[in-house]
Amino acid sequence: MAGTHYFVIVSSCDHPVFERFVLPKTRDTQQKDPGRDLLQFIAHSALDAIDELMWKSKEMYLKTVDNFNEWLVSGYVTPSKARFILVHDGRNDDIIKSFFQDVHDLYGKALANPLHNPHQTIRSKRFDERMDILLRRLHV
């Protein structure tokens, strides 16, 4: 899964509380940069599909919920109805499921902060550092 990724956490009130755009370290000159706006559009347009699937499935990990050209969208829903959305170009369900579970643990720790509002942007240096580590591990 060593391609471009876009990851976003959307609160239950449909506010993006965290987002990251990850480019590959070694850029192939033939590979086209999709642009941040396109990946944001793909992720946010998949919210409707995730909202439909979360009521039909008992699982938190929804697997691939949508696609757009070569981009796949994987989704994960927490018990508090926060949605994790990953736009990626490769298919490896085991790695993505593990990534989402690790993010869920980290997200739960961030929400445990009594000074944090769950519908506002996560502004924690520690959260950012740990998310970067998880995204690098996903990016390998």
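These legends walk through several close-up views of a predicted model.

Local features here need pLDDT of at least 70, side-chain atom pairs count only at pLDDT 80 or more, and totals for chains, interfaces and linings use all residues. Numbering starts from 1 along each chain as its sequence is written, and side-chain values use heavy atoms, with hydrogens and water left out.

**View 1. The largest nonpolar core, with 23 residues.**
A nonpolar core here is a set of buried Ala, Val, Leu, Ile, Met, Phe, Trp, Tyr and Cys residues joined through side-chain atoms within 4.5 Å. Buried is under 20% relative accessible area, exposed is over 50%, and partly exposed is in between (1.4 Å probe, protein chains only). Phe7, Ile9, Phe99, Phe100 and Met131 have the most contacts inside this core. At least two residues each come from β1 (5-10), β2 (16-22), β5 (83-88), α3 (93-111) and α4 (125-139). Of these, α3 gives the most, with seven residues. Helices (H or I, at least four residues) and strands (E, at least two) are DSSP runs, numbered from the N terminus. As background, nonpolar side chains tend to be buried together in soluble globular proteins.

**View 2. Methionine 131 and who it touches.**
Skip the neighbours within four places in sequence, and methionine 131 is in contact (heavy atoms within 4.5 Å) with Phe7, Phe18, Phe99, Val103 and Leu106. Apart from the core of the previous view lies another core, of 18 residues, among them Ala46, Leu47, Val77 and Ile85.

**View 3. Strand β4 (residues 71-77), mostly covered.**
Seven of the seven residues of β4 are buried. Trp71, Val73, Gly75 and Val77 point one way from the strand, while Leu72, Ser74 and Tyr76 point the other way.

**View 4. β4 and its antiparallel partners, β3 and β5.**
Strands count as paired if DSSP finds at least two bridges between them. β3 (residues 61-68) and β4 run antiparallel and are joined by six bridges, with phenylalanine 68 opposite tryptophan 71. Their hairpin has two residues between the strands, and asparagine 69 in the turn has a positive phi of about 55°. β4 and β5 also pair in the antiparallel sense over six bridges, and here valine 73 stands opposite valine 87. This hairpin has five residues between the strands, with lysine 81 at a positive phi near 70°.

A salt bridge puts a side-chain nitrogen of Lys or Arg within 4 Å of a carboxyl oxygen of Asp or Glu, and the whole structure has five. Arginine 83 is buried, at 2% relative accessible area, whereas aspartate 14 is partly exposed, at 46%. Together, Asp14, Asp51 and Arg83 form one network.

**View 5. A salt bridge between arginine 137 and aspartate 102.**
The closest N and O atoms of this pair are 2.8 Å apart. Arginine 137 is in α4 and aspartate 102 in α3, so the bridge ties together parts 35 residues apart in sequence. Aspartate 102 is partly exposed, with a relative accessible area of 26%.
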